[in-house]
Amino acid sequence: MYRCIDCEHTFSDYKTIEEHHPYGMGYAAERWAACPNCESTDIEEVYECSRCGELVTELEEGLCDLCYGEMYGED
């Protein structure tokens with residue numbers, strides 16, 4: 001899953017957008033992964049916590065930081 005940092009839209013498949021830049025006698029295409037909602041390229045991969053279902057950018061043993069701390073007694 002992915003989340004757009006700009007519009008906070010969550011999606012499973014990103015949109016590919018192209019920018020064309022001068023290259024030699026022609027143009028070269030540069031491809032970017034983008035939000036399908038607002039076309040921002042500022043996206044991040046997110047994962048679902050197996051305990052609470054929260055979408056976060058990092059998991060430890062399948063858990064978000066809060067759930068991991070609650071289960072394993074860490075502050």
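**Close-up views of a predicted 75-residue model**

**Figure 1. Overall dimensions and composition of the protein.** The protein has a radius of gyration of 18 Å, whereas a compact globule of 75 residues would have one near 11 Å; the radius is taken over C-alpha atoms, and the globule rule is 2.2 Å times the number of residues to the power 0.38. This is a predicted model, in which local features need pLDDT of at least 70 and side-chain atom pairs count only at pLDDT 80 or more, while totals for chains, interfaces and linings use all residues. Residues are numbered from 1 along each chain as its sequence is written, and side-chain values use heavy atoms, with hydrogens and water left out. Along its principal axes the C-alpha trace spans about 60 × 25 × 15 Å. The secondary structure comprises 1 helix and 7 strands, in the order β-β-β-β-β-β-β-α along the sequence; helices (H or I, at least four residues) and strands (E, at least two) are DSSP runs numbered from the N terminus.

Figure 2. Of the 75 residues, 19% count as buried; buried means under 20% relative accessible area, exposed over 50%, and partly exposed in between (1.4 Å probe, protein chains only). Among contacts with a separation of 6 or more, 29% join residues 24 or more positions apart, a contact being heavy atoms within 4.5 Å. The protein exposes about 5700 Å², of which carbon and sulfur atoms supply 44%; accessible areas come from the Shrake-Rupley method with a 1.4 Å probe, and for residues only the protein chains shown count as cover. The protein carries 4 positive and 19 negative charges, whose mean positions are 7 Å apart. Lys and Arg count as positive and Asp and Glu as negative, with His and the chain ends not counted; each charge is placed at NZ of Lys, CZ of Arg, CG of Asp or CD of Glu.

Figure 3. A search of the whole structure finds 3 aromatic pairs. Rings of Phe, Tyr and Trp (its six-membered ring) pair if their centres lie within 6.5 Å, and planes under 30 degrees apart count as stacked, over 60 as edge-to-face and the rest as tilted. The rings of tyrosine 2 and phenylalanine 11 are stacked, because their centres are 6.0 Å apart and their planes lie at 25°. Tyrosine 2 also forms an edge-to-face pair with tyrosine 14, at 5.4 Å centre to centre and 85° between the planes. Tyrosine 2 lies in strand S1 (residues 2-4) and tyrosine 14 in the loop between strand S2 (10-11) and strand S3 (15-23), so this pair ties together parts that are 12 residues apart in sequence. Ring pairs link Tyr2, Phe11 and Tyr14 into a cluster. Phenylalanine 11 is buried at 5% relative accessibility, whereas tyrosine 14 is partly exposed at 40%.

Figure 4. Setting aside residues up to four places away in sequence, cysteine 35 touches Cys4, Cys7, His9, Phe11, Lys15, Ser40 and Ile43. The C-alpha atoms of cysteine 35 and isoleucine 17 are separated by 9.5 Å, at 18 residues apart along the chain. Cysteine 38 is found in the loop between S4 and S5 and is partly exposed at 36%. Beyond its neighbours within four places in sequence, cysteine 38 is in contact with Cys4 and Cys7. From cysteine 38 to threonine 16, 22 residues apart in sequence, the C-alpha to C-alpha distance is 12 Å.

Figure 5. Serine 40 occupies the loop between strand S4 (26-34) and strand S5 (43-45) and is buried at a relative accessible area of 11%. With residues up to four places away in sequence not counted, serine 40 touches Cys4, Asp6, Ala33, Ala34 and Cys35. Glutamate 39, found in the loop between S4 and S5, is partly exposed at 42%. Phi of glutamate 39 is positive, near 65°, in a residue other than glycine. Most residues other than glycine have a negative phi.

Figure 6. Glutamate 61, in the loop between strand S7 (55-56) and H1, has a positive phi near 55° and is exposed at 59% relative accessibility. Within helix H1 (residues 65-72), Cys67, Tyr68 and Gly69 are buried. Glycine 73 follows H1 and has a positive phi, near 70°.
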